[in-house]
Amino acid sequence: MKKIWIYALLLLIPLYGFWIVPQNKAVKAQQEDIAVLQAETEDYKVKIKQLSDLSKLLENPVYDGVLERIPTTLEQGMVILILQRITESTGFVFESLSFSRGQNATLETSTMNVNFSIRGREDKFVNFLEAIEKSPRFMGMESFAYSVQTVNGIDIINMSVPLYTFAQSNEN
Amino acid sequence: MNQNQHQTTDNKKWPNLIAAAFVLISVGAAAFLGWQSFQLTQSEQELKLAIDNQKASLIVLKEREKIGEKMKAAELLNKAKTYRKDWSVVLKDINQVFPKRGEIKFNGVSVDASNSVSVQGTAADISNAAQFLSLVKNSDKMKNAFISDIRPASSGDNGPINYNFSATFDYDPNTQTKALTTDES
């Protein structure tokens with residue numbers, strides 16, 4: 001009987017060495033990992049809640065069409081179509097178009113600069129400027145200069161338009 | 001004698017009992033640790049799965065609503081509206097101040113970002129060129145007019161009939177414009 005317990009005690013040495021001590025360390029490590037994961041899942045819960053709230057906020061009409069006005073990329077094709085529509089609808093003819101990519105230091109965002117020449121009636125010029133300002137794509141001019149010629153009693157404007165438009169990145 | 005023998009036997013039992021208890025506690029602890037490890041592994045897996053699902057939900061939410069892009073676009077749009085100069089308003093104000101184009105006609109207009117306006121105009125009479133200065137002076141949105149030169153544009157029997165002039169003035173959009181005519185000045 002005495003020997004059985006001695007053997008049992010001897011068997012405990014590998015039990016401690018190979019199971020209890022390493023398993024105890026592993027359990028502690030697992031508990032730490034779980035604490036980290038729980039913190040992470042809580043973070044995600046907060047983020048999801050915030051995004052859901054923002055999503056509700058974005059239902060405000062203020063955000064309607066904002067990505068059309070200032071898109072994530074340059075969307076050059078859309079700009080060309082819009083300019084063609086504006087010049088045609090206001091009775092102007094555009095003669096040449098040139099584009100360049102840039103960066104606006106004040107707004108810290110990407111820009112696409114468009115230079116083009118237009119020709120049309122002087123009395124329609126305000127309409128042309130208004131159409132640019134009300135364009136579905138946000139556009140503007142840093143400055144403007146035009147000259148007027150009278151042709152057959154009609155004042156005709158010739159103008160080189162230095163236009164800028166914004167995008168969130170320089171990619172097209 | 002018997003009593004002593006019995007006591008000795010009892011004394012010999014104690015180490016056995018302690019050893020037995022130690023063995024049982026150790027085995028129990030080993031079993032508990034195994035069970036705890038199993039439970040923790042399961043919890044860990046559940047949490048990892050939950051995090052994966054949350055990440056997927058976040059991506060779906062961001063993609064569906066384009067939240068980040070919309071917020072940035074709205075912020076940029078607000079700044080851009082302040083940044084942009086509405087030239088149609090500037091031109092309307094200029095047209096409002098100089099409504100009688102028969103007397104003063106602009107052949108060229110240029111406005112820069114600092115609201116400095118340069119014009120090349122034709123005046124029907126030299127006095128109309130002088131009236132240009134009065135119109136600017138009486139306007140609430142324009143000031144500091146200066147004519148740099150006046151020269152005859154064409155001549156008739158009694159001398160020049162049209163005058164070309166070059167002038168500059170400053171445009172200040174933050175004040176109201178008075179509707180003025182050349183007659184009022």
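User: Over which residues of chain B does pLDDT stay under 50?
Analyst: This is a predicted model, in which local features need pLDDT of at least 70, side-chain atom pairs count only at pLDDT 80 or more, and totals for chains, interfaces and linings use all residues. Residues are numbered from 1 along each chain as its sequence is written, with chains lettered from A and ligands numbered from 1 in the order in which they are written. pLDDT is the predictor's confidence in each residue, from 0 to 100, and contact means C-beta atoms, placed from the backbone, within 7 Å. The stretch under 50, for which the model has 25 contacts beyond four places in sequence, is residues 177-185.

User: What pLDDT does chain B average?
Analyst: In chain B, 82% of the residues score at least 70. The average for chain B is 81.

User: Which element gives the largest share of the side of chain A that touches chain B?
Analyst: On chain A, 55 residues are in contact with 53 residues of chain B. Helices (H or I, at least four residues) and strands (E, at least two) are DSSP runs, numbered from the N terminus. Several elements of chain A each supply at least two residues to this side, including α4 (125-133) and β4 (144-151). The largest share, 26 residues, comes from α1(A).

Key
Contact = placed C-beta atoms within 7 Å.
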